[in-house]
Amino acid sequence: MQNKGVVKLFAILFGLVSIYQLSFTFKANQIEDAAKQFAVSKISETEPDYDVQRSATEVRYLDSLLTTQVETGDVNAQGQPIRENIKVFDILIADYSYNEVKDKAMNLGLDLKGGINVILQISVKDILIGLASDSKDPVFRKALSDAEELQKDSQNTYLEDFFVAFDAIKGDTKLASPDIFANRTLSDEITFNMEDDEVQPILRRKIDESIVSAFEVLRKRIDKFGVTQPNIQRLGNSGRILVELPGAKDVNRVKKLLQSTAQLEFWDAYKAEELGGFLGQANEVLKGLVETDTKETNEVQTDSTETSEDAITNLLGDGEEEETDLGPLFNLIRVPGSQGSPVVAMFESKDKDLVTRYLDSTPQVRALLPSEMRYAKFSWGIQAKESELVELYALKGNRDNKPPLSGAVITDARQSYGPTGKPTVTMQMNGKGAKVWEEMTGNAFNQGSQIAIVLDNIVYSAPGVTTGPISGGNSEISGQFTLNEAVDLANVLRAGKLPASADIVQADEVGPSLGQEAISTGQKSFMIALILVLIWMIFYYGKAGIFSDIALMLNILLIFGILSGLGAVLTLPGIAGIVLTVGIAVDANVLIYERIREELYKGKGQKDAVRDGFSNALSSILDANITTGLTALILFVFGTGPIKGFATTLLIGIVTSLFTAIFITRLLIDWWVNRGGKLDFSTGLTKGLFRNININFLKKRKIAYVFSFIIIAAGLSSLFTTGLDQGIDFVGGRTYQVRFAQDVNPEEVKADVLEVFGSAEVKTIGNPNQLKISTKFMVNENSAEADEEVQSKLYEALVSYLPDGYSYEDFIDGANNVGKMYSSKVSPTIADDIKKSSVWAILGSLVVVFLYILLRFKKWQFSLGAVAAVFHDVLIVLGIFSITWRFMPFSMEVDQAFIAAILTVIGYSLNDTVVVFDRIREFLNEHTSWQFERTVNTALNSTLSRTLNTSLTTLVVLLAMFLFGADSLRGLLFALIIGVLVGTYSSVFIATPIMNDTMKKVEEKKK
């Protein structure tokens, strides 16, 4: 081999760089472990909310490393001492701060570290309404509604569908109408005489600016949240933003932080006595309205009520005392408002919607308001955690529904403490805001009234002013805050408001204990797979196997080093990709060693055999790895989250495998041979194995065709009748992985869950005490309130299976390793996008591979054989999944991970097929006098050792992962195991025979 010095230099440099990169990961882990130990030493388990306090202490410890600065001993140009962050890592040639160490450390994905991964959909509809100044134009409003309907079956952005919907119904109305976008706000950019095609680019730019603004607001909020290595990125032009927060423990806190629009408003509030007369009149009017509405219902229910009279008497007592009927509204009041208070009354939280409907949505009631109060806004206060009651306020609204003062004037916000020691939020306003605030507080002081501080339509507090006008623009929000809530509110206000609402359309939540388990099982399965492969290579190839093992270890070091250097995220499927890379690396070495053995059998000397073996194997190695790499590249383009991690590690592994197999193994073998060492490339047990085999594979092709037809027919029959177990990635919904303290019967649990949700799937995943529960209940609701409601109902359904006294908070946090371990949500819109992307990914990979093989082998028959084999393999994998998913003891959902498995199967099947085709092409050039069938059979026999050897090592690797790895990967690994078995079979009995048959037909036509 030429340029050995260059190869040695590159190998040493790559190895050292990889060790350098990985050293930061080890140091970061060491620092984080020290932070945990510090928190444990400071906060005992006897303290209230000790886990929350420990988490906060851990964050403060790490923050201190980020913010603490020391003097360097040098001074700047002004003579002042230069300060820098404290250094935590010294590698002799340089030292690094914790921030630098953290940035260079390998990123762990959610499935390994726990945390939350969400895709937020910024409401383009809300932005358009804002740009149109809340226009009530009927054409505009109908176009908005029609665009929402179009979105259900469209791949366009909401804005494009809005343009389509508007064009379909506009008539003479234009986008530049004064009632729509040619308003005062946009007057500098949109004029009355503009055509729609002139307005559309302006709206696109405005929407884009709003989404960029939302992105920046979210980034500022996340930066203050205190998790390490957060990731936020915008997804195309759809208005979707991906947020990944590995290590985030309080998931509900994260959701509130992300979804809060932070619409801060200051309103003057009415006193309770000012609304007293109105409430009495409203109650009287409602008596007639409610009686009229319910009269028919009461008549229908009379019979059943009478027949159950005894039962009701038993429940309520002797029935002698009857509850006084005060009227529809007064019946709901639990605490009336007091003199001078801004609280009109207190109601039970469950009656909020009903009271709002009575006061805001009933025209006869609104008409009772005096003329000076006709714009009154009824708003609810923030509900205390331990109370079922919530306060109702009446705010002094106006025609434009614009507050006298908004959060836009806030320049700073900090968490503080009030006179009673409870957490509050203090705010500082700009000059304009300070002036309005002084005027508002002056009026409130003179009138003895209050100012309501409203955030996202909830009244947090309504303080009075007792010391006169407040100058300087200082204000404070107090309420029933926890410390974390006050900190988050300050951060949200400081970051600014979102330009529109943000809905979570896709989410994955992984508990920290499940993440730790994934790391443990991943490490265990990886080590077992690696040890088995290392032993096998030595057993089969003797001393040469040791050299391939050394190259394999270097390969793994390079993979982790490159992942760390690129800042890529290591996920659980990523570990599976690395393990699969081990199989790919072994395949390259097997190809080389088998060719060297062939050269030795021909009687060549050791040096010549090594030289020719490497040379002859190169073409097959490149073709096989390029085809696998193409499918991995397509998976990287179309995949998201953990699946992209799988593709990333696979692509990196292919490159490093080529380098170590072609160059490092050659370097080691040449070194050994040149110093007089002898290599047989076999052991006593494997010498001569698979040599002189002469099987007529083509003669058996019809049997193989029939066998494959039967399996595919059975699979297709099952696919059309039973179907596949489609995961929420493809149909939308919510999935929860719940662990119990004891084994549970999934059918009994399913019956209880169905009572709550109406429809649900319940199946055991892994151990009998762990269930996966999927439901479409409230599938179209993406709000944080909807998520909370679904989780609350799930807890109600499962509470009888949980330990006594196990609270809802314990269930959500997965306390003591019991409760919710993992949850995932996918909206129907996202599910539709994922499904279409998956189909395009598979079709794209087939087209790319067909073209590559056509390019390499020049004849379409080779491409046809390869693609036919791939279709064959995919149909069999789908069929087996359809037949077995109902009774397998692990999840076999068809989701993004399954699509990753299918694409990997395609790559592996092509890998096998290309190696055989490469040998056929070689024999066609060497043995021009042979009949074509003899050439094909000889090529198949000569590659049989490599085919079986590679398949066996890959199967060993996959089985180790399947048996000892994480439960969540078993479906993906099962698909890969089936794919390897079927791919090995199809390369010999499907791809090659089909190529042979079509080639013969072409030759016969020529004759």
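I669 touches F547, Y593, V610, F614, L679 and F681, leaving aside residues up to four places away in sequence, where contact means heavy atoms within 4.5 Å. The model is predicted, so that local features need pLDDT of at least 70 and side-chain atom pairs count only at pLDDT 80 or more, while totals for chains, interfaces and linings use all residues. Residues are numbered from 1 along each chain as its sequence is written, and side-chain values use heavy atoms, with hydrogens and water left out.

**Nonpolar cores**

- I669 belongs, together with Y593, F898 and I906, to the residues that touch the most other members of the largest nonpolar core, which holds 145 residues; such a core is a set of buried Ala, Val, Leu, Ile, Met, Phe, Trp, Tyr and Cys residues joined through side-chain atoms within 4.5 Å.
- Helix α28 (residues 896-926) gives the most to this core, with 17 residues; helices here are DSSP runs of H or I with at least four residues, strands are runs of E with at least two, and both are numbered from the N terminus.
- Another core lies apart from the largest one and has 51 residues, among them I127, L186, L218 and I222.
- In soluble globular proteins, nonpolar side chains tend to be buried together.

**Cavities**

- There are seven cavities of 30 Å³ or more, a cavity being a set of points, on a 1 Å grid over the protein atoms alone, where a 1.4 Å probe fits but cannot get out.
- The largest cavity has a volume of about 120 Å³, the volume being the space filled by probe spheres set on the points, which are joined across faces, edges and corners.
- Its lining consists of 14 residues, of which L580, I584, T628, Y908 and N911 are the closest to the centre; lining residues have an atom within 4 Å of a point.
- Helices α18 (572-601), α19 (606-638), α28 and α30 (944-964) each supply at least two residues of that lining.

**The eight-stranded sheet**

- Eight strands form an open antiparallel sheet in the order β7-β8-β6-β20-β25-β22-β24-β23, where two strands pair if DSSP finds at least two bridges between them.
- The edge strands, each pairing on one side only, are β7 (231-235) and β23 (761-764).
- Neighbouring strands of this sheet are turned by 20 degrees against each other on average, direction ignored; axes are lines fitted to C-alpha atoms, for helices over the stretch in contact, and angles run from 0 to 180 degrees between N-to-C directions.
- Helix α23 (residues 746-757) packs on the sheet, touching β23 and β24 (770-775), and its direction makes about 155 degrees with that of β23.
- Strand β7 is joined to the antiparallel β8 (residues 240-246) by five bridges, and I232 stands opposite V243 in β8.

**The three-stranded sheet**

- A three-stranded open sheet, with antiparallel pairing, has the order β15-β16-β19, and its edge strands are β15 (410-417) and β19 (474-477).
- Seven bridges pair β15 with β16 (residues 423-429), and the partner of D412 in β16 is Q428.
- Helix α14 (residues 431-447) packs on this sheet, touching β16 and β19, with its direction at about 110 degrees to that of β16.

**Positive phi in a loop**

- S133, although not a glycine, has a positive phi of about 55 degrees, and S133 is found in the loop between α5 (124-131) and α6 (138-151).
- S133 counts as partly exposed because its relative accessibility is 41%, the class between buried (under 20% relative accessible area) and exposed (over 50%), with a 1.4 Å probe and protein chains only.
- D134, in the loop between α5 and α6, has a positive phi near 55 degrees and is partly exposed, with a relative accessible area of 42%.

Notes:
1 Å grid on protein atoms, 1.4 Å probe; cavity = no way out; pocket = protein on both sides within 12 Å on 5 of 7 lines; lining within 4 Å.
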